[in-house]
Amino acid sequence: MTHTFYPLGAYALRGLAWHGDRAILVDTYRGHLLSVDPATEDTRVLNRHQRAAFVDVTDVAIDDGILWVARHNAILYTSLEDFYLYPFVELPVEVFGLAVAAGAVYASLPEEGYIAVLGRATRGPLRRLPLPGAGEATLTFHHEKLWVADRLEETVYGLDPKPERLSSGPSRRLPIPGAWLFGGTICMCCMRGMSTTCGTTPTIPTIPTRWTCAIAP
């Protein structure tokens, strides 16, 4: 089952995180950090005084009350109160996907073909995970696995981040959104336009079969 909601006024959605009962997304064109109630489509702009800093953001993640942001070749972070971005680390190429879990920050670098794993406390490199696909990849964690969605191949892979091996996948082909995450039994994603739709992935039993999608016109 797919439920679709349209954040009011959104133009180009990138990134997706969950805070309380609301979805957090970025309108990367306008620089709006949006808080959206998927049930009512109530949309609020959180960063009215920091909009310029969120232009060109490619992905976001929330962990322990901290909002993490990927923009160009940098990873930044901020509190969920003032939204002033502080630098975390700069990488040699553009960061496309971002995930944070278990004291580590994961950044997909499609130009280099790997996922950089950085220590959250040290800000230094811990290891590299090879990207399982050939294209730009978004990241999310679920059931202690790092899920990688390759937009070129339209394929989802499951990685065990500790032994650095492929633990699930690839799944069957399906349209891959600009960002996605899991919440209980629901998989949420954000897309642009109506030409792309969501589907279920029965070949991966740990991926939920219900989808909630945010669409930007």
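How exposed is Arg123, given as a relative accessible area? Arg123 is partly exposed, at 38%. Here buried means under 20% relative accessible area, exposed over 50%, and partly exposed in between, with a 1.4 Å probe and protein chains only. The model is predicted: local features need pLDDT of at least 70, side-chain atom pairs count only at pLDDT 80 or more, and totals for chains, interfaces and linings use all residues. Residues are numbered from 1 along each chain as its sequence is written, and side-chain values use heavy atoms, with hydrogens and water left out.

**View 1. The whole chain has 20 strands and 0 helices.** Both kinds of element are DSSP runs: helices are H or I with at least four residues, strands are E with at least two, and numbering starts at the N terminus. The chain has 217 residues, and 53% of them count as buried. Contact means heavy atoms within 4.5 Å. Among contacts in the chain with a separation of 6 or more, 42% come from residues 24 or more positions apart. The accessible surface comes to about 9,900 Å². Carbon and sulfur atoms hold 51% of that surface. These areas come from the Shrake-Rupley method with a 1.4 Å probe; for residues, only the protein chains shown count as cover.

View 2. A salt bridge is a side-chain nitrogen of Lys or Arg within 4 Å of a carboxyl oxygen of Asp or Glu. The structure holds 5 of them. Arg22 pairs with Asp42, with the closest N and O atoms 2.9 Å apart. That pair links distant parts of the chain, 20 residues apart. Arg22 sits in strand 3 (residues 22–27), while Asp42 sits in the loop between strand 4 (32–36) and strand 5 (43–45). Asp42 also forms a salt bridge with Arg44, where the closest N and O atoms are 3.0 Å apart. Arg22 counts as buried because its relative accessibility is 12%. Asp42, at 30%, counts as partly exposed. Arg44 also counts as partly exposed, at 46%.

**View 3. Asp64 and Arg120 meet in a salt bridge between two loops.** The N to O distance is 3.8 Å. The partners lie 56 residues apart in the chain. Asp64 is in the loop between strand 6 (57–63) and strand 7 (66–71). Arg120 is in the loop between strand 12 and strand 13 (125–130). Asp64 counts as exposed, since its relative accessibility is 67%. Arg120, at 22%, counts as partly exposed.

**View 4. A patch of negative charge gathers on the surface.** Its residues are Asp56, Glu94, Glu111, Glu112 and Glu136. Such patches are made of residues with over 30% relative accessible area and no salt bridge; like charges are joined within 9 Å, and nonpolar side chains (Val, Leu, Ile, Met, Phe, Trp, Tyr) within 5 Å. Lys and Arg count as positive, Asp and Glu as negative; His and the chain ends are not counted. The place of a charge is NZ of Lys, CZ of Arg, CG of Asp or CD of Glu. Glu111 lies in the loop between strand 11 (104–109) and strand 12 (114–119). Glu111 counts as exposed because its relative accessibility is 60%.

**View 5. Ala102 and Arg123 each have a positive phi.** Ala102 has phi near 55 degrees, a positive value in a residue other than glycine. Ala102 lies in the loop between strand 10 (97–101) and strand 11. With a relative accessible area of 81%, Ala102 is exposed. For Arg123, also a residue other than glycine, phi is near 65 degrees. Arg123 belongs to the loop between strand 12 and strand 13.

**View 6. Asp59 and Leu159 are two buried strand residues.** Asp59 lies in strand 6. Asp59 counts as buried because its relative accessibility is 3%. The C-alpha atoms of Asp59 and Arg14 are separated by 5.9 Å, although these residues are 45 residues apart along the chain. Leu159 lies in strand 16 (residues 155–160). Leu159 is buried, with a relative accessible area of 7%. Pro130 is 29 residues from Leu159 along the chain, and their C-alpha atoms are separated by 10.0 Å.
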